[in-house]
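Here is a short report on helix packing, salt bridges and a surface patch. Please keep the structure in view while reading.

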Amino acid sequence: PEKLLQMMVEQTNNYATRDWVRPVGATDQHGHVRKKKWLVPCGRNDDGARHRAKSRYVPITVGTLIAWHGILIALGGYKMRKPRMIWTAAPYGYEMAWLQNSLPRDRFEHIRRFLHLADNTKLPAKGEFGWSPLGKIKTWMDEVMIGLQLVWTLGQKICIDESMVKY
């Protein structure tokens, strides 16, 4: 799966640093102005243009991504409500040095915010030929399926649950 991880690293770094966006005010369905602004794609010379990553973004590596996935697994194992609880001192959080030392909190949140599996600029727009609702994860899914087909041999007896079959 190193190929998959490398693909995730490249697309995440591209998404965070290559795209130019500008903040735009937004309203909800009642016409109230939202506190947070939307980021819309724009040209480099537009008013207010900036990269998605406002603060200094350090490109991620495969090792960083593996540590990030490890923290996600630990989050599930310890049944934490929020990932920030790892870096929060007790009694309000868990002081787990082995997780705190693997990845700083801001780095973890940067990866969580900018994680991408596909290049948005190369995806066909909705309604165009080749568009798929799974377009953003399609290349990644195809690689996983090829890997599974290489290592998993279907047996002679297969059990299909009734919830898997539409009536």
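Lysine 138 is partly exposed, at 39% relative accessible area. This is a predicted model. Lysine 138 forms a salt bridge with aspartate 142, with the closest N and O atoms 3.4 Å apart. Both residues lie in helix 5, four residues apart, about one turn of the helix. Aspartate 142 is partly exposed too, at 34% relative accessibility.

## Helix 1 against helix 5

Helix 1 covers residues 2-17. Helix 1 packs with helix 5 at an angle of about 170°, and their axes are 10 Å apart. The two helices are therefore roughly antiparallel. On the helix 1 side, Lys3, Leu4, Met7 and Met8 make the contact; Thr139, Trp140, Glu143 and Val144 meet them from helix 5.

Lysine 3 and glutamate 143 form a salt bridge, their closest N and O atoms 3.4 Å apart. Lysine 3 is in helix 1 and glutamate 143 in helix 5, so the pair ties together parts 140 residues apart in sequence. Lysine 3 is exposed, at 59%. Glutamate 143 is partly exposed, at 27%.

## Another charged pair

The salt bridge count is four. Among them is the pair aspartate 106 and arginine 105, at 3.0 Å from N to O. Aspartate 106 is partly exposed, with 45% relative accessible area. Arginine 105 is also partly exposed, with 32%.

## A nonpolar patch

Met145, Ile146, Leu148, Leu150, Val151, Trp152, Leu154 and Ile158 make a nonpolar surface patch of about 920 Å². Methionine 145 is found in helix 5, which spans residues 135-151. Its relative accessible area is 45%, partly exposed.

Conventions. Residues numbered from 1 in each chain as written. Predicted model: local features only at pLDDT ≥ 70, side-chain atom pairs only at ≥ 80, totals over all residues. Heavy atoms only, no water. Patch = residues over 30% accessible without salt bridge, like charges linked within 9 Å, V, L, I, M, F, W, Y side chains within 5 Å. Areas by Shrake-Rupley, 256 points an atom, 1.4 Å probe, with all protein chains shown as cover. Salt bridge = Lys/Arg side-chain N within 4 Å of Asp/Glu carboxyl O. Buried < 20%, exposed > 50% of the residue type's maximum accessible area, 1.4 Å probe, protein only. Axes fitted to C-alpha atoms, helices over the stretch in contact; angles between N-to-C directions. Parallel < 35°, antiparallel > 145°, perpendicular 65-115°, else oblique. Contact = heavy atoms within 4.5 Å.
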